[in-house]
Amino acid sequence: MAGTDTTELAGLTDEAAVLVNRWLEYLTSEKRVSPHTLTAYGSDFGDFISFLADYKGGGVGIRTLAGLEVRDFRAFLASLRGDNLSARSVARSLSSIRNFYRFLARTEGIENDAIKAVQGPKLPHRVPRPLTEEAAKSVMETVGEFEEEVWIAARNTAVVALLYGCGLRIAEALSLNGDDIPSGDTMRVIGKRNKERIVPVLPAVREAIAAYKAECPFAITADGPLFVGKRGKRLSPRTIQAAMQKVRIALGLPESATPHALRHSFATHLLSRGGDLRTIQELLGHADLKATQVYTEVDSARLKDVYDKAFRRR
């Protein structure tokens, strides 16, 4: 289930489908979730409804949704685990369902205490895996070498420069338009939920973007995409992911060396050089400081590794 088309809400009664569509519209217009998140929520909830239609043996209406018990939710989660979904995927599905029920309680006064009592699977604690400063520099120097066309090489280099030099998410970099090109030392970035932030731009990043713009065969207009593909349309993340894969193989880097790892590298390297957590939080666009604090674990692990190597018994 994607978007907000009621024809895609198979298994729901018409009345319930209207509520679900209102929830999806609320996520878009008020919560301002990204298209990717909206699709994920819709898909997760679609799976839930399909399960309920089979599990309950009929159309799923508002009364059914309001009356679900803990055992019903647990049965759905068990079905997901039976399909060999990862703990993280199961947790995401449960989060989507909880979000819907919070919406029902807030807007319709429909409460379901059972969903509050359902516990999700325990998730393994994951620490970001950044590149070393040397590896990140090598990626920036190498990513353009795999392209025959000069302008594509310059484009890939400019995107990577933004990811590592400014800590942008790949979606943020590729959503930039022509009028977002930095002319000074800072740049305006629109992040998740349309939250705006200002990030500093190093001379090397400005130079990489200028080199790409000079070589690009397509006109870059103020309201048009800054980074384009071979047909002049907005560049797809898959293209940069593929470029990073080539670099990863060529440099012998681990599989964790993805475009997003460059953002992790930006944060970790700032922290290791004495950067303030609150400042890094603002630069990354994190809503919660907890999301930024995870980089202290990365830096601690790196220091421990250096210590172990320096004082390892021979």
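Colleague: How many helices and strands are there in the chain?

Modeller: The chain has 14 helices and 2 strands, taken as DSSP runs numbered from the N terminus (H or I, at least four residues, for helices; E, at least two, for strands). This is a predicted model, where local features need pLDDT of at least 70, side-chain atom pairs count only at pLDDT 80 or more, and totals for chains, interfaces and linings use all residues. Residues are numbered from 1 along each chain as its sequence is written, and side-chain values use heavy atoms, with hydrogens and water left out.

Colleague: OK, which residues have the most contacts inside the largest nonpolar core?

Modeller: Those are Leu162, Leu168, Met187, Tyr212 and Phe227, in a core of 42 residues. A nonpolar core here is a set of buried Ala, Val, Leu, Ile, Met, Phe, Trp, Tyr and Cys residues joined through side-chain atoms within 4.5 Å, buried being under 20% relative accessible area with a 1.4 Å probe, protein chains only.

Colleague: Where does the largest share of this core come from?

Modeller: Helix 8, with 10 residues. Apart from this core lies another of 36 residues, including Leu27 and Phe51.

Colleague: Switching topic, which element has the lowest mean pLDDT?

Modeller: Helix 14 (residues 289-311), at 62, while helix 8 has the highest, 96. pLDDT is the predictor's confidence in each residue, from 0 to 100, and the chain averages 87.

Methods. Buried means under 20% relative accessible area, exposed over 50%, partly exposed in between (1.4 Å probe, protein chains only).
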